Amino acid sequence: MRHLIAPSFGLALLALVAVLGLAPACGVNQTPQPEPGPALPRCTPDRDGQITAAELPIALGATASYYASPAGATRTVDLAGVGGRWDFADERPDDVVIELGPVALKDQWYAATFPAGQFAIDGGGGLDGIYHQDAQALWLDGTASREMTPAGGRTLVRYPQPVALLRFPLADGDAYTTTAEIAGGPEGPEGTIGGLPFVGTDRVEVDVAAGEALDVPYVEFSPVLRVRTNVVRQASTTSTPAVNRRTTLFLFECFGEITRAESTVNEPAADFTTASYLRRFALGVTP
């Protein structure tokens, strides 16, 4: 039986847009969750083809369940879709069920580095993305290692100016590019990656397209917005080649992320067909 998510569905489950960095997302969010569980904000989808800030509510400490591809596994995906529809309803026996959600920034070791930040989201690869949201956009302030002293070396990147990942109202045809400086060295930790200082830039390219519907196991969401991002990291030394990773998100009003596909490194195609990581909203399933 397939459920159609329609405007009568009134309670927001989760607003989640994970970090758009160059490390693949995987595994369960290990960031400590606050107690007791939060009250979820109310939000009723109006299905007008746009997503406003009010239709992407952030419920700190709330989590949603997702089917996720296991570490090291790739997935064949059709991101172009057919006639404005996308089908991610196939069930994969090796999928794992994970829970993800935003947590309060004040509880994290790196909080003082991000005075404008409001919350953190597990970005995979041992990294968190640090964000704040207002009526204009969902802003990425930077990234940080979840652990203060990870075995592979600490990462702490704070952009001088935050990057607008989702500009509200999010709508069909939106396209924008932001280039953020990364400055590392002895004067500060804002550009430390894997324990080493890094100087360079992150260029974040975003484009948005409307779609009629998207299927995940047992659920159809209609309408949806497809958000494609391409993050290009370039070191200041011209002899070091740029590195990019593409991410395609499918969003639904009041739910936020319902499907996420990440490319392999240095993927040239916007609608790539091999995903290094894939996760999909899981209805009524817990780990």
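Reader: Which residues does leucine 170 touch, not counting residues up to four places away in sequence?

Author: Please note that this is a predicted model. In soluble globular proteins, nonpolar side chains tend to be buried together. Here, leucine 170 touches Gly49, Gln50, Ile51, Tyr176, Val208, Leu225, Val227 and Leu251, with residues up to four places away in sequence left out of the list.

Reader: Which residues have the most contacts inside the largest nonpolar core?

Author: They are Tyr131, Tyr159, Val163, Leu166, Leu170, Val227 and Leu251, within a core of 28 residues. Strands that each supply at least two residues of this core include strand 8 (119-124), strand 16 (200-211) and strand 20 (243-252). Strand 11 gives the most, with five residues. Another core, of 24 residues, lies apart from this one, and among its members are Ala68, Val216, Phe252 and Leu278.

Reader: Is glutamate 257 buried or exposed?

Author: Burial is judged by relative accessible area, with under 20% counting as buried. Glutamate 257 has 1% relative accessibility, so it counts as buried. This residue is found in strand 21 (residues 256-263), and its side chain is joined to that of arginine 279 by a polar contact of 2.7 Å.

Reader: Where does glycine 153 lie?

Author: Glycine 153 is in the loop between strand 10 and strand 11, and it is partly exposed, at 23% relative accessible area. Beyond its neighbours within four places in sequence, glycine 153 is in contact with Ser145, Gly194 and Gly195. Its C-alpha atom is separated by 7.6 Å from that of isoleucine 193, 40 residues apart along the chain.

Conventions
Residues numbered from 1 in each chain as written. Predicted model: local features only at pLDDT ≥ 70, side-chain atom pairs only at ≥ 80, totals over all residues. Heavy atoms only, no water. Core = buried A, V, L, I, M, F, W, Y, C linked by side-chain atoms within 4.5 Å. Buried < 20%, exposed > 50% of the residue type's maximum accessible area, 1.4 Å probe, protein only. Helix = DSSP H or I, 4+ residues; strand = E, 2+ residues; numbered from the N terminus. Contact = heavy atoms within 4.5 Å. Polar contact = N/O pair within 3.5 Å; in protein donor to acceptor, adjacent residues only side chain to side chain.
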